[in-house]
Amino acid sequence: MYPIVRVNKKHLLENIRAVTALCVAKKIAVTGVTKVFGGDPEIAAVYVEGGITRLGDSRVDNLKLLKGLDAEKWLIRPPMMSEVNDLVTYADASLNSELATIQAINDAAIAKGKVHKVILMVDLGDIREGFIDHEELIDVARKTEEMEGVHLYGIGVNLTCFSFIQSDSEKMAALAELSKTVGERIGRELEVVSGGNSATLDLMMKGGVSEGVNNLRLGESLLFGKERANYTFLPGTRKDVFTLECEIVELKEKPSVPWGTVGVDSYGNSPTFTDRGMRLKAICALGKQDFDVETSVPVDENIIILGASSDHLMLDVTDSKRGYKVGETIQLQLGYFSTMRAFTSRYVRKVYMD
Ligand SMILES: *Cc1c(COP(=O)(O)O)cnc(C)c1O
């Protein structure tokens, strides 16, 4: 039964080895981010096989799935107050920006006889999570240092996720400097200085990441072989780790332009169409619930994606030489958001290839 997402574990392992080697050369350790594939433990195991010793996910539910893997688990989104009990059970560390939450984590950890590691986030311009006021961060660092149930593990920054503010050498220097200041105030060096995500890789390779920054949290680059500053492919990586196979349920010659009175879609937009005459159109049995049009590319280069509704994918297969039939399948190469949806959708079967 389709749709099926196939995971090429061999190619993933190649990506992990290639990207971590680039980081090791710059004395940077990798936290392997698993949220893109819903914390699937079979895929995360490939991270560990590739030498990654820290795993990060934005959901505690996903970290639960990783329980059996021998790696340090990080929650990479500020924890919800309502989940601190599960947090201290399933995560060793978390990224934080609220003192009240750290206090709640401290209480939960003490009650369980544990010590949870805290990484404080600084916002260096992306306007997502983190302290804007460095003095406030230093103050929270001091207070965290005094708590029994939490250990101040380090500081970190996230960039290029909301405002798409790029990582640059000034921002990395500011992060390294802040870590030094915090270290001086608490009288010891911080273990982790986390310089961002796959968007910092390009800068790192150019030597723009300051000494003292010793960690990156990587998802996209490991999975798709891409850094995110210029979206170029990294040397020695593969882009075909995730392939989605879907089945053709209708195949007919149809006009390229619709007929009748045009309304708007559920976002309020009116679609536009180019008249290419009659075309051979395939409908596949999957939709926006299962994948994302913008980050999917047909493996058969002669197929044009026309669009999708929640459960139908419309393709123009006129130029293909394959001669598709109803009941046959079509393959799509998946990028970031498409993979995320495929792994979130319970309608997509997951198959692993060694
Ligand atoms: C998603 C996420 C990452 C990983 O980002 P990639 O671009 O996939 O490398 C790292 N850090 C945080 C805080 C994230 O939310």
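**Stop one: the ligand**

Select the ligand and show what is around it: 15 residues surround it, and the closest are Lys35, Ser198, Gly219, Glu220 and Arg228. Keep in mind that you're looking at a predicted model.

Color that shell by residue class and you'll get 5 nonpolar, 4 polar and 6 charged residues.

Now click Arg217, where a polar side-chain atom sits 2.9 Å from a nitrogen of the ligand. Then try Arg128, which has a side-chain N or O atom 3.0 Å from an oxygen of the ligand. As for exposure, the ligand taken alone exposes 390 Å², and the protein buries 97% of that.

**Stop three: the domain**

Select residues 7–223, which an unreviewed UniProt entry annotates as "domain: Alanine racemase N-terminal". That stretch is 42% helix and 19% strand, with its end C-alpha atoms 10 Å apart.

Most residues other than glycine have a negative phi, and most peptide bonds are trans. Zoom to Tyr2 and Pro3: the peptide bond between them is cis, with omega near 0 degrees. Pro3 belongs to the segment before β1 (4–8).

Finish at Thr160, in the loop between β7 (150–157) and α7 (169–186). Thr160 isn't a glycine, yet its phi is positive, at about 60 degrees.

Note on methods
Residues numbered from 1 in each chain as written. Predicted model: local features only at pLDDT ≥ 70, side-chain atom pairs only at ≥ 80, totals over all residues. Heavy atoms only, no water. Near = heavy atom within 4 Å. Polar contact = N/O pair within 3.5 Å; in protein donor to acceptor, adjacent residues only side chain to side chain. Areas by Shrake-Rupley, 256 points an atom, 1.4 Å probe, with all protein chains shown as cover. Nonpolar A, V, L, I, M, F, W, Y, C, P; charged D, E, K, R; others polar. UniProt positions renumbered as here; feature names shortened; annotations may be inferred. Helix = DSSP H or I, 4+ residues; strand = E, 2+ residues; numbered from the N terminus.
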